[in-house]
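Please look over the sequence and the model shown here.

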Amino acid sequence: MIKTLRYMRHGQTVFNERGIWQGRADSPLSAMGIAQARATRVYFAGLPTPIDHVYCSPLGRVIQTLEEALPEIGKNYVVDPKLIEMSFGEVDGTPIAGEATDYERYDFSQIGGEREETAGERTCRALERIMNRTGNVNVLAVGHGGTGRYFYKRWRELSQVAFDEALPNCSVATYTYDTNTRTFSCIDIWIPKV
């Protein structure tokens, strides 16, 4: 059976605006982030098949994005702790120095955080578990840039669209999921125009 997973990154946050490492540190959406989340309403309203299940990271920026994007669902979503962003350890909540946004250059486990591979594998296992649940056919998962990028990298060879960076804020990557082969393929990336 072929199922659909839509993975949405949270909207821009105050920390994003200020150039601060987020990781597990939390920050509310900026005015731009709220506008991005609200812009996704048009995208979701135009889907040919409605979302049947919604999952999200426990961090406030993700929940705020979800509730701004889909206010009609109220609290009808599942908070999954396995979808949380990777921890940057001691640099969570501190200013980013220079061009330090390439997570692959860092081993955050050396400073009390997680390795990108560890966070990515956790996210991959969580999304596969979610997609294998009975009744989950057209799923939305709302999460983070780092873990979303790793998830894409895991399935890049089977994907029909290419990107190398983290998803832009509030972008939605659409994946097919084949329950027989247990594989994902990214077939589309939607980016809000704000």
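The report below takes the helices, then the aromatic rings, the salt bridges and the cysteines.

## Basis

This is a predicted model, in which local features need pLDDT of at least 70 and side-chain atom pairs count only at pLDDT 80 or more, while totals for chains, interfaces and linings use all residues. Residues are numbered from 1 along each chain as its sequence is written, and side-chain values use heavy atoms, with hydrogens and water left out.

## Helix α2

Helices (H or I, at least four residues) and strands (E, at least two) are DSSP runs, numbered from the N terminus. Helix α2 covers residues 31-45. Its 15 residues should span 21 Å at 1.5 Å a residue, and its end C-alpha atoms are 22 Å apart, which agrees. The expected span is 1.5 Å times one less than the number of residues.

Which residues of α2 are buried? They are G33, Q36, A37, T40, Y43 and F44. Seen down the axis of α2, the buried residues fall within an arc of 95°, so they line one face of the helix. The arc is taken from the directions from the helix axis to the C-beta atoms. A31, V42 and A45 lie on the other side of α2 and are exposed. Buried means under 20% relative accessible area, exposed over 50%, and partly exposed in between (1.4 Å probe, protein chains only). An α-helix has 3.6 residues a turn, so residues three or four places apart point the same way.

The cover over the buried residues of α2 includes β1 (2-9), α3 (60-69), β4 (138-143), β5 (172-178) and β6 (183-190). Contact here means heavy atoms within 4.5 Å.

## Helix α4

Helix α4 has 16 residues. From its first C-alpha to its last it reaches 22 Å, close to the 22 Å expected at 1.5 Å a residue. Its buried residues are E116, A119, G120, R122, T123, C124, A126, L127, E128, I130 and M131. They pack against β1, β2 (53-56), β4, α5, β5 and β6.

## Aromatic rings

A search of the whole structure finds 10 aromatic pairs. Rings of Phe, Tyr and Trp (its six-membered ring) pair if their centres lie within 6.5 Å; planes under 30 degrees apart count as stacked, over 60 as edge-to-face and the rest as tilted. One of the pairs joins F88 and F108, and this pair is tilted, at 4.7 Å centre to centre and 45° between the planes. F88 and F108 both sit in the loop between β3 (78-79) and α4, 20 residues apart. Both are buried.

The Y177 and F184 rings have their centres 4.4 Å apart and their planes at 40°, so this pair is tilted. Y177 is buried, at 0% relative accessibility. F184 is buried too, at 1%. Ring pairs link Y177 and F184 with F151, W155 and Y175 into a cluster.

## Salt bridges

The structure holds 13 salt bridges. A salt bridge is a side-chain nitrogen of Lys or Arg within 4 Å of a carboxyl oxygen of Asp or Glu. K75 bridges to E67, with the closest N and O atoms 2.6 Å apart. K75 is exposed at 63% relative accessibility, whereas E67 is partly exposed at 27%. E117 and R115 form another salt bridge, at 3.4 Å between the closest N and O atoms. E117 is partly exposed at 37%, and R115 is partly exposed at 40%.

E121 and R154 also meet in a salt bridge (3.4 Å, N to O). This pair links distant parts of the chain: E121 is in α4 (residues 116-131) and R154 in α5 (residues 145-155), 33 residues apart. E121 is partly exposed at 25%, and R154 is partly exposed at 38%. R24, E114 and R122 are linked in a network of salt bridges.

## Cysteines

How many disulfides does the structure hold? It holds 0. A disulfide is a pair of cysteine sulfur atoms within 2.5 Å. C56 is in no disulfide, and its nearest cysteine sulfur, that of C170, is 13 Å away. C56 is buried at 0% relative accessibility.

C124 is buried, at 3% relative accessibility.
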